[in-house]
Each structure stands twice: as structure tokens, then as C-alpha cells.
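Here are my notes on this one, in the order I'd go through them. Have a look at the model first, then read on.

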Amino acid sequence: LCLDDTVVSGRVYRPEDLALVEDLADRIVVVLERAYLSDQAARARARLDLLGQVGELLTVGLDTRARLEAVVDVVLPTFGDACVAYLPSDAGLHPAVCKVLDAPDDPCRRVTGIPSSDLGGDGAVATAFRTREPVLLREIQPGTEDPAGALGLHSMLVVPLLSADEPIGVLGFGYAQSGRRYGPDDLGLAREIAGRVAPAVDDAMRFERELATAEALQRSLLPDQLPELHDADLATRYVPGGVGLKVGGDWYDAIQLRNGRVMLVIGDVVGHGVRAAASMGKLRNVLQYSALDGLAPAEVLQRLNTYFFGLPDADMATLLVAEYDPAGRRIRYSNAGHPPAMLRMPDGSVEALDDGRSMPICATDQARYHEAEHDLPPGSILVLYTDGLIERRGESLDAGLARLRASLGTGPAAVEDVADTLLADFLASDVPADDVALLCFGVRGPDEALRLRIPATARHLSGMRRAVHEWLRRAGASSAESHEIAVAVNEAAANAIEHAYGLSDEEFALEADQRGDAVELVVRDSGRWRTRRSPGDRGRGLALARALMDSVDVEPGPEGTVVRLRRRLGRTLGDP
């Protein structure tokens, strides 16, 4: 305390004034000490409140980025004017979240464009990550790397986020416009914040890795290619759930059978995650084997239940299996506790296929599965789905079924458009809480052309011949005509497989149209025919095709070869 008289007053201090000044100084010291202690107490309370808020935020179910963003929002402005959270990436340490305060009372502003930090560099962020120790920069010099230069920071404190095994990220706190500086006494609070944030971030990262693994496994187990059907169209969709680990249990399949029929499957394994995805894979494998073994839908479910109920780690699953017969335009189906299939008839009416119901797979070893049948006339669309499509919190299942019935009844005609419309109607405004599998099956009309894309391998020719036979039957061809035309098309397709592609994995297209009393079939490939090297019995396919058809034209081009085969129905070969 310093008191001074000036020439204005003309007064002069005397020795007896010293006691008064000392007393005044003591009183000022007490006031300052109280103010300092009050400030320290307020600061301590603010820091305790900050730690409490950090702890509360990390108990909610957020993903990694959202949790980091919530922490950044809380620490500003109590512990900084800016905060950056870094996570490891292929490019080093990438800034996942960065926010700053432009003024003490302003809301946080997100900042992008902050450069990544090289793990091998000597900046504060990389150093804290490598050494697992905080780095304090009380005064930052101009040109400093890391986020300080980009954010205009005057003081910075960087602390690593540590898991049990390794560092998983870095938090950087900075002061700028407030003029404050970090000191050694701030290290304890920074460590405490990082200690509370790190386990929550580690859990979130582990959860996201498991989620990604489950989704990748799920998608790898779903069929990557659907069978080409000669009188029907298929459309499928899969949407993983967005809340929690809601992936891994829902699936669909379409299996082309040897007798020309197709088996349609939709299923849902109880549970989620990698285990549910693995269970789904086992179910699908056994089901495919059972279907190709010639079992009917109810027999397939019976075998699945018998087999999986005996496994110690089997999970319960709902399943709907339907077998479509193109000759009779009819399905027979069996339902193991799954939501009913929806069928839209050509007149636009919609009905739920509620028959043939029984217990889910692995619910009991005493379950007996039953079948029902239903016509699928040309122009009808069958929709198989999992409950994630229609179930909503606080809404009854009947309400979801009613909404599905209404959406399907007023939906478009093409199955791809039907699938898109259903997803738009049910999922556009809401991320599903559960994953969703959807399979739409539409029966073509009798006058529709045949359009197939067929793998260029010899083993797929038998299925192509069945499709041609069935299409010709609907076009009015006799049995003899169907046989002769199918042989001619087979020779053209075999040439495309052998000469256009060789051993490579490709596809060729088959198109068939009826033009009055004649049919035209076109085989298209995208390869280049090679010259036949050896004579003999090989290479006579086109000659045989020309003998069986009215005309066969081969049109080579830079984008592939087109073979057009024409024949008028209702005549004998050799007639004009």
C-alpha cells in the first residue's frame, strides 16, 4: 500500500500516521484474501460442476463423435475458449470435433479445416499422444503448429485419452480472446476430464467396430445375386437399424429350384450383433440345402427346428418360407411365427396371408409346421418383410399392418418401385430402431416379354431352357415347337459362352418377344467372338439353330454380338 501527498494539498505525513496506514493495509489484505478465496471457491465449484456435467453426458447412448461433441460443448467456456478432440486415422491424428467461442457469451461455433497432426511430429498433439502425458504451452509463439495457429490460441493444454492398452485420442484446450493462460494447477482438471472421457469414447469406438463388423457380416451373408426368373420379378432391400446394435438378425433369400420353381424366404433371428448375424448364416445354409434337397416349405421348417433346437448355442428365429410354382401360378407357404406376407392382387386389393402359421424356430422341439396355398395371378405382387418395417414404439402391430396394407394398395406396379415406395413411406422420416429386410415378388402378365441376364457358364443353360419353355407355352407354342426353339436358343447361348468370353466371369442377355404369330428371341453378349481353331464336330451350333428356326442372324459389333432367332408358330418346319 502506498500513500502519497502532493503539492496541491500541501500536507506532509508524520510518524504518527504510520499506525493508521498499517491498520488500513491490514484491512485491505483481509478484503483481498476474502475476495481471492471467494474466487478460488467459485472456480473450484465451477470445475466440480464441469466434471459432473462431463460424467452425466457420457452416460447417454451416443456414438463416438457425438460424445466428443457433447464434452466440447460442456468444457467451453469454463475451461477454454476452444476445444479440439483428435482421433487416430490413417493420416495421423484427425480432428474429429473442433469448436470455439468468439465471445464469452456466444454459443459454440464449429470449426472445420483444422489440419491433422502427424504422429511422428514434434507438435503438442502428437507428443501428448506418443508420451501419454499432458503437454502445457502457457505462452504460444507465433507460427506454432497443431491447432494453435489455425485457431489463434495464446495458451494451450493438450491431454491424451488413454484406454487400458493404448492411447485412443487427444483433447486439446485453448485460450484465445479471453486472455487467460493455462498453468500447472490446470493439469489436474485436464487429467480428470480425460480420465472420464476416455472410457466412454473407448466403449463407443468398440461398439462402432462391433456394429461395423456385424453389418459387414450381415451383408456378406445376404445373397449377392438374385435368380433370374422367366415370369416374375424380384426386388430386395436391407436397411440396418440406427439405434443401438440393431443389426445382424434380419435376412432374405430366393432360391432357384431344379424343377423350375423358386423358394422365397424372409427371416429374423432374435437378438442383434455378430452372434445374430452368425446364426442367420447357419440358418440360411441349412435352409438352402433343405430346399435344394426337394423339401416343401413346412418340411424345410421342420428340419430347421429339429436341427437347431439340438444345438447348444442356437437362437430363436421367425421365418416365412414360400415356394412359387410358375406352371400353376401358385404358392404354398409355411410361417414360423413371422409377420404375415402381404399380397396385392391385380385389381389392387390387398390381403394378409395369415394361414400356415406355427411356432418360431427353436421355440419348442414339439412344434409342427403347416402349409397353406394361394394363387398368384399375373400382375400380383407378394411382399415379405421383417417386423422392423412396421413396428413403431407406442403403436400396435395391427396399426403397422394397416399402414402396410394401405401403402401397398396404392403403390406402383413395378416391384423395384414397390420396394422403394415402402421404404420411403415407412422409413423416410424415421431411422428404424431395428434392421429391416424386404423382399417383393411380382408375377408378370401373360403378354410380357422375357428378359433375362444369365451368367455365362454352361451350368446355367438348363435354367434358361426352362424359362424359354415356359414363356413359349404361354405364347401358345406347341410342345414340339417349344423343344425345337429352346434347342436353337441353347446353341446360340452356348456359342456366346464359349466364343465371346472363354473362361472369364461374364453375363449374356436373353430377350424374347411375340410379334403376331411369330416369336423372336435375341441372345446378346458383350464380348468378341474368337475364331474357331479346330474343325470337326464342334462349331455346328448355328447350323443346327438355322435348321430349327425360320431365320438366324448374327450381328457382330464393337460392343458385342447379337444373335436374332425368329420362327412363326403353328407351322411345320420346311413350310414356306
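1. Start with helix 6 and helix 7 (residues 297-309): their axes come within 10 Å and cross at roughly 135 degrees. Axes here are lines fitted to C-alpha atoms, for helices over the stretch in contact, with angles running from 0 to 180 degrees between N-to-C directions. Helices (H or I, at least four residues) and strands (E, at least two) are DSSP runs, numbered from the N terminus. The two, helix 6 and helix 7, are therefore oblique to each other; angles under 35 degrees count as roughly parallel, over 145 as roughly antiparallel, 65 to 115 as roughly perpendicular and the rest as oblique.

2. Before going further, the ground rules: this is a predicted model, with local features needing pLDDT of at least 70 and side-chain atom pairs counted only at pLDDT 80 or more, while totals for chains, interfaces and linings use all residues. Residues are numbered from 1 along each chain as its sequence is written, and side-chain values use heavy atoms, leaving out hydrogens and water.

3. Who touches whom in that pair? From helix 6 come Lys282, Leu283, Val286, Leu287, Tyr289, Ser290 and Ala291, which meet Val300, Arg303, Leu304, Tyr307 and Phe308 of helix 7 (contact means heavy atoms within 4.5 Å). By class, that contact of helix 6 with helix 7 has nine nonpolar, one polar and two charged residues. Ala, Val, Leu, Ile, Met, Phe, Trp, Tyr, Cys and Pro count as nonpolar, Asp, Glu, Lys and Arg as charged, and the others, Gly among them, as polar.

4. Helix 8 (residues 397-409) and helix 9 (residues 415-427) also have axes that come within 10 Å and cross at roughly 135 degrees. Gly400, Arg403, Leu404, Ser407 and Leu408 in helix 8 face Val418, Thr421, Leu422, Asp425 and Phe426 in helix 9 as contacts. Sorted by class, the contact of helix 8 with helix 9 has five nonpolar, three polar and two charged residues.

5. Two backbone spots to check. The Leu76 to Pro77 peptide bond is cis, with omega near 0 degrees, and Pro77 is placed in the loop between helix 2 (64-75) and strand 1 (82-89). Arg132 isn't a glycine, yet has a positive phi of about 65 degrees; you'll find Arg132 in the loop between helix 3 (124-131) and strand 4 (135-137).

6. On the lining of the largest pocket, which element gives the most? Helix 10 does, with five residues. By class, that lining has 16 nonpolar, eight polar and nine charged residues. A pocket is an open set of points, on a 1 Å grid over the protein atoms alone, where a 1.4 Å probe fits, with protein on both sides within 12 Å along at least five of seven lines; lining residues have an atom within 4 Å of a point.
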